[in-house]
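Here is a quick tour of some local features in this model. Have the structure open while you read.

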Amino acid sequence: MSYRPEPAWRHGSAEGCAVLLVNLGTPDAPTAPALRRYLAEFLSDPRVVEIPRLVWWPLLHGLVLRTRPAKSAAKYASVWMPEGSPLAVWTQRQATLLGGFLGERGHRVEVRAAMRYGQPSVASVLDALRGEGVTRVLVLPLYPQYAAATTASVADAVGAWSAGARRLPELRFVNDYHDDPGYIDALAERVRSHWQSQGRAERLLLSFHGVPERTLALGDPYHCQCLKTARLLGERLALPPDRLLVSFQSRFGRAKWLEPATEPTLRRLAAEGVRSVDVMCPGFVADCLETLEEIDQEGRAAFLAAGGERFGYIGCLNDSTPWIRALASIAERHLQGWPTRGAADGAALQRQRERALALGAGE
């Protein structure tokens with residue numbers, strides 16, 4: 001097996017540390033060709049679609065990639081920002097702000113953003129970090145709740161990159177932070193801010209991304225972690241149990257998914273006489289198609305058409321200060337023991353280099 005070329009090794013180099021934030025991904029543009037490329041990569045991941053290839057491949061290439069890109073492109077166009085895809089914009093802002101927060105806390109660490117599907121890819125960002133002399137990387141997926149289809153897939157991407165590297169950086173991986181106090185506080189602050197400006201609705205619905213129900217029986221902790229996040233948030237907000245509901249969105253395919261589903265839940269609430277509802281998506285830390293179009297547009301329309309009177313969408317954590325502060329604390333815990341504090345001692349590094357050269361080491 002041949003490995004990728006490594007950056008030239010130089011004795012006495014400072015050890016660099018980095019945090020790699022990884023989000024799901026996004027197409028490059030709200031167009032059918034861009035969606036076709038993105039969906040082909042996304043839906044080809046066996047973590048995402050756990051159907052035998054012999055069955056899934058003809059459906060993916062013969063039907064899904066022929067019909068879905070144009071429909072999805074129109075949806076993306078409805079939420080596209082002047083700077084680009086909302087997910088990409090917010091994720092990059094989070095990376096920039098996290099770097100600033102960690103710097104203020106005395107850490108000398110690079111922070112970069114990558115996408116599991118689309119650009120910038122996990123592999124390309126890891127290549128860039130290695131080229132800059134980074135020797136330790138903390139991989140921090142932007143999924144608070146662990147799921148094989150999301151968190152584990154990021155580990156797969158890092159593993160695939162590692163398989164082609166001769167010299168690996170030291171790697172650490174954050175699995176989840178569904179019950180992290182700072183994360184829960186950031187969610188609660190987001191809700192309170194919405195209530196202060198828009199008023200409090202009769203119900204707060206927490207909509208998490210759905211997964212096939214069978215993944216629960218197979219050992220995936222996602223469902224349980226979503227419920228724990230909801231319980232902790234409800235306690236932080238001092239909400240009576242009957243005022244807080246949990247649902248699951250973004251169903252795909254014919255398999256049975258986690259229930260209750262979000263849109264039917266919104267219709268049911270309206271039919272039962274609930275006049276106002278606030279909806280939040282705690283599993284998404286950055287607004288994206290699934291929150292801005294599926295919830296704030298489609299979910300809103302469904303609730304109002306069924307007789308509801310007021311629909312409030314509570315935006316994702318995005319670049320809110322409580323969230324970036326929480327993210328910095330999560331990163332700090334996992335960076336412990338790495339040389340992230342203080343400037344490198346240039347004189348000491350030069351002495352190390354001279355000793356190595358004197359013993360016959362190459363440049």
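## Two residues with positive phi

Let's start with Ser-250, which sits in the loop between S6 and H9. Helices here are DSSP runs of H or I with at least four residues, strands are E runs of at least two, and both are numbered from the N terminus. Ser-250 has a phi near 65°, a positive value in a residue other than glycine. With 16% relative accessibility, Ser-250 counts as buried; the cut-offs are under 20% relative accessible area for buried, over 50% for exposed and in between for partly exposed, using a 1.4 Å probe and protein chains only.

Asn-318 is another non-glycine with positive phi, this time about 50°. Look for Asn-318 in the loop between strand S8 (310-314) and helix H12 (321-335). Asn-318 is buried too, at a relative accessible area of 3%.

A word on the ground rules: this is a predicted model, so local features need pLDDT of at least 70, side-chain atom pairs count only at pLDDT 80 or more, and totals for chains, interfaces and linings use all residues. Residues are numbered from 1 along each chain as its sequence is written, and side-chain values use heavy atoms, with hydrogens and water left out.

## Two cis prolines

The peptide bond running from Gln-119 to Pro-120 is cis, with omega near -5°. Pro-120 lies in the loop that links strand S2 (110-117) and helix H4 (122-131).

From Glu-259 to Pro-260 the peptide bond is cis as well, with omega near 5°. Pro-260 belongs to the loop between strand S6 (244-249) and helix H9 (262-271).

## H6 against H8

Helix H6 (residues 181-198) and helix H8 (residues 222-237) have axes that come within 9 Å and cross at roughly 55°. The axes are lines fitted to C-alpha atoms, for helices over the stretch in contact, and angles run from 0 to 180 degrees between N-to-C directions. That makes H6 and H8 oblique to each other, oblique being what is left once angles under 35 degrees (roughly parallel), over 145 (roughly antiparallel) and 65 to 115 (roughly perpendicular) are taken out. On the H6 side the contact (heavy atoms within 4.5 Å) includes Tyr-183, Ile-184 and Leu-187, and on the H8 side Thr-229 and Leu-232 are among the residues involved. By class, this contact of H6 with H8 has 10 nonpolar, one polar and three charged residues.

Thr-229 of helix H8 is buried at 0% relative accessibility. Its side chain makes a polar contact of 3.0 Å with that of Gln-145; such a contact is a pair of N or O atoms within 3.5 Å, where within protein one must be able to donate a hydrogen and the other to accept it, and residues adjacent in sequence count only if both atoms are side-chain atoms. Leaving aside neighbours within four places in sequence, Thr-229 also touches residues including His-178, Phe-208 and Pro-282.

## H3 against H12

Helix H3 (residues 86-104) packs on H12 at an angle of about 65°, with the axes 9 Å apart. Among the residues that meet are Leu-97, Leu-98 and Phe-101 in H3 and Trp-323, Ile-324 and Leu-327 in H12.

Key. Nonpolar A, V, L, I, M, F, W, Y, C, P; charged D, E, K, R; others polar.
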